[in-house]
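Trainee: I am new to this structure and would like to go through it with you step by step. Could we begin by looking at it together?

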Amino acid sequence: MTTSLPDSHQDSAVLETERPQIQPPRLYRVLLLNDDYTPMEFVVQVLERFFAMPRERAITIMLKVHHEGRGLCGIYPHDIAATKVGQVNAFALQHQHPLVCFMEEEKP
């Protein structure tokens with residue numbers, strides 16, 4: 001027994017579409033800068049609250065900021081990094097501390 005497809009199916013060709021190559025998003029480093037006025041405990045609180053760091057890790061980063069002038073809080077896609085920078089700077093301003101958080105593009 002042979003089965004034949006209707007004429008409309010015999011002439012149709014299957015078109016394969018090329019999948020676009022998706023590039024991973026660019027990543028940004030979120031950093032804190034040292035200053036002479038922001039209390040160390042406040043920096044630890046910021047790291048715990050906005051970067052979900054356990055206390056021990058937050059203390060380590062705070063000490064890096066204190067001794068080296070800056071410290072890495074995390075690496076994120078642009079929108080997340082920008083949101084965290086805005087949140088930290090607003091929180092510092094609200095508590096009248098000159099703590100500065102900023103972001104820079106991660107180098108490949």
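Mentor: Before we start, a contact here means heavy atoms within 4.5 Å. This is a predicted model, in which local features need pLDDT of at least 70 and side-chain atom pairs count only at pLDDT 80 or more, while totals for chains, interfaces and linings use all residues. Residues are numbered from 1 along each chain as its sequence is written, and side-chain values use heavy atoms, with hydrogens and water left out.

Trainee: What share of the contacts in the protein chain with a separation of 6 or more comes from residues 24 or more positions apart?

Mentor: The count takes contacts in the protein chain with a separation of 6 or more. Within that set, the part that joins residues 24 or more positions apart is 73%.

Trainee: In what order do the elements of the protein chain run from the N terminus on?

Mentor: Helices (H or I, at least four residues) and strands (E, at least two) are DSSP runs, numbered from the N terminus. The protein chain has 4 helices and 3 strands, and from the N terminus on their order is α-β-α-α-β-α-β.

Trainee: How are helix 2 and helix 3 oriented to each other?

Mentor: Axes are lines fitted to C-alpha atoms, for helices over the stretch in contact, and angles run from 0 to 180 degrees between N-to-C directions. The axes of helix 2 (residues 40–51) and helix 3 (residues 55–68) come within 9 Å and cross at roughly 125 degrees. Angles under 35 degrees count as roughly parallel, over 145 as roughly antiparallel, 65 to 115 as roughly perpendicular and the rest as oblique. The two helices, helix 2 and helix 3, are therefore oblique.

Trainee: Is Ala52 buried or exposed?

Mentor: Ala52 lies in the loop between helix 2 and helix 3, and although Ala52 is not a glycine, its phi is positive, at about 50 degrees. With a relative accessible area of 66%, Ala52 is exposed.

Key. Buried means under 20% relative accessible area, exposed over 50%, partly exposed in between (1.4 Å probe, protein chains only).
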